[in-house]
Amino acid sequence: MTTTATPARRGNALSDMWVIAQRGFVHMRRQPEALADATLQPIMFTLLFAYVFGGAISVAGGNYREFLMGGIFAQTIVFGCFGVAMSLASDRKNGAIDRFRSMPMARSAVLSGHALAHLARGFIPIILMSVCGLIVGWRIHTSIAEAVAGYALMLAFLFAVIWVGILLGSVMPTPEAVQGVGFATLFPITFVASTFVPVGTLPGVLRTIAEWNPVTAFSEALRKLFGNSGGDFGPDPAWPVTHPVTYTLVWAIAIVVVCAPLAVVAFQRSIRD
Amino acid sequence: MDHAIEVAGVVKRYGDKVALAGIDFDVARGSVCGVLGPNGAGKTTAVRVLTTLTVADEGRASVGGIDVAADPAGVRGIIGLAAQDATVDGLLTGRENLVMVGRLNHLGRARANTRADELLEQFSLTDAAGRMVKTYSGGMRRRLDLAATLVSRPEVLFLDEPTTGLDPRARNELWDVLDTLVAEGATILLTTQYLDEADRLADDIVVIDHGRVIARGDATSLKRQVGGAQLHVTVEDPARREDAARAVAAVTGTEVTYDDDGRTVNAPTADGARAVAALAERLRADGIAVDELALQQPTLDDVFLTLTGTHIEDEEKDA
């Protein structure tokens, strides 16, 4: 038996990643219903809260619609982990991953390609919500630099939650399981926060949870960077809500540091046999 | 002998379950090897080890002279795999699927495009090239899957149950395509649970059961192990069955068995057509009227029955 190691045709990891990302874009285009979480959902939440619930919620500074947008941006970005989890879980289920793995392509390209496609996909809801916000009366009152920082923070957080999505998509056995577990965990996380209501009205423990919830800090950070009315935290607010930008960045970095290696390991395990 | 595939003592366990209990076989370059066995016999696991999708617990395997454990990337560069459930992308068009595979095989954009068009033509998919694959029939999906496997002109092809789930017509079409590939000199390892498929396509057959190789050889030599052809006599009148059995035994000199219908007598014979002539003569002399007198060459199912004591389909139901 000969065991000469032949020089493998090592692919350019970047071009392989791009091919997988392009495949992701085609999938999104041909499956617009799977984009609902990035298109219909943020628009629906904006309209629902601006016109239905908004009248019943009062915020310091008085403008609920301005307050609302930071929360909707934050919630939609956090939900951004879904799409990549679904894509990965269905690739695992329908055998596409096996085909990729039997080809001489870069091993990293499947994950990086999906991550890239979904990072780019994140622009859709960000743009839609900005337009929708402007229509309902939201405005940016700060400098261009601060506004850009706000949008950059969204992309940074999206990058972080995409790793959560890859982890979820690797651990869950089916796309349906991703859907079930994702909704059951993300709804409380994004609602027990200053996303839609000022947390000052919440009862004791829930209020503490909300103050330390990164979604609260993320919403507050965006409100601060865009110069919108912030949440009313009452006297003696917790550190995260007084330093929302820092706290949000710390979370984004922590999520990447913890989840990215875990996600890669979980993905490798999910496809090994 | 130049071997495209060599497998020696390969063991693979999934927890407590032994999928491969130490298998050995080789496949000569330019030949077609049929790995035959019921569901759960270990066929797919063997393919997964050889295509680097899974790592064996023990033993050695090489493809094109490259060790699968030592240089999996090298192996991936020379193989094509058509997995069991046609893993083409339903949301891409036929052409997009092939171009994507070409680009991931690093053909470059221009060559990936040309190669895709060539293959679409070769597999009669040109008309459907611009349609999303989810609109394809089962047979078209399989053909596209096979085309995707060939994009990089691999030295060794692995086809895991290429015709499972296809209707007879689509199956015949796919067989014709495989014939062309064989004529072009590809080395092919195909797994199947269909005996006629292995018989039709493979030069060499490896019979696997419960993770072990229980027989190997070409179809003729496997059939010879069963002991030649079977004589079948169906009498008109069930009352004459015993007379017919005596006549059959006198001609063949072998042990006679009966079918459940109460009218049919079977016995193996090595004399072929001469036995048929002798038996016909004898039955006429004894005045036994027959509905049917037939000589049946053994099938691979008979081989499986002889080797394992169960029919291949029965075992499947148990699995």
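## Close-up views of strands and helices in a predicted model

View 1. Strand β1 (residues 3-14) of chain B pairs with strand β2 (residues 17-28) of chain B through nine bridges, in the antiparallel sense. Strands here are DSSP runs of E with at least two residues, helices are runs of H or I with at least four, and both are numbered from the N terminus. Two strands pair if DSSP finds at least two bridges between them. Which residue of β2(B) is the bridge partner of Y14(B)? That partner is K17(B). Two residues lie between the strands of this hairpin, and G15(B) takes a positive phi near 65°.

This is a predicted model, in which local features need pLDDT of at least 70 and side-chain atom pairs count only at pLDDT 80 or more, while totals for chains, interfaces and linings use all residues. Residues are numbered from 1 along each chain as its sequence is written, chains are lettered from A and ligands numbered from 1 in the order in which they are written, and side-chain values use heavy atoms, leaving out hydrogens and water.

**View 2. Strand β1(B) meets β4(B).** Strand β4 (residues 58-63) of chain B runs antiparallel to β1(B), and five bridges join them. Look for A8(B), which stands opposite R60(B) in β4(B).

**View 3. An open sheet in chain B.** Six strands with mixed pairing follow the order β6-β7-β8-β3-β9-β10. Because β6 (79-82) and β10 (212-217) of chain B stand at the edges with a single partner strand each, one side of each has no neighbour in the sheet. On average, neighbouring strands of this sheet are turned by 15° against each other, direction ignored. Such angles run from 0 to 180 degrees between N-to-C directions, and axes are lines fitted to C-alpha atoms, for helices over the stretch in contact.

View 4. Strand β9 (residues 204-209) of chain B pairs with β10(B) over five bridges in the antiparallel sense. Here V206(B) stands opposite R216(B) in β10(B). Helix α11 (residues 300-308) of chain B lies across β3 (32-36), β9 and β10 of chain B, at about 45° to β9(B).

**View 5. Two helices packing in chain A.** Helix α6 (residues 109-121) of chain A packs against helix α8 (residues 144-171) of chain A at about 135°, with their axes 10 Å apart. The contact (heavy atoms within 4.5 Å) includes L111(A) and H118(A) of α6(A), and F159(A) and I162(A) of α8(A).
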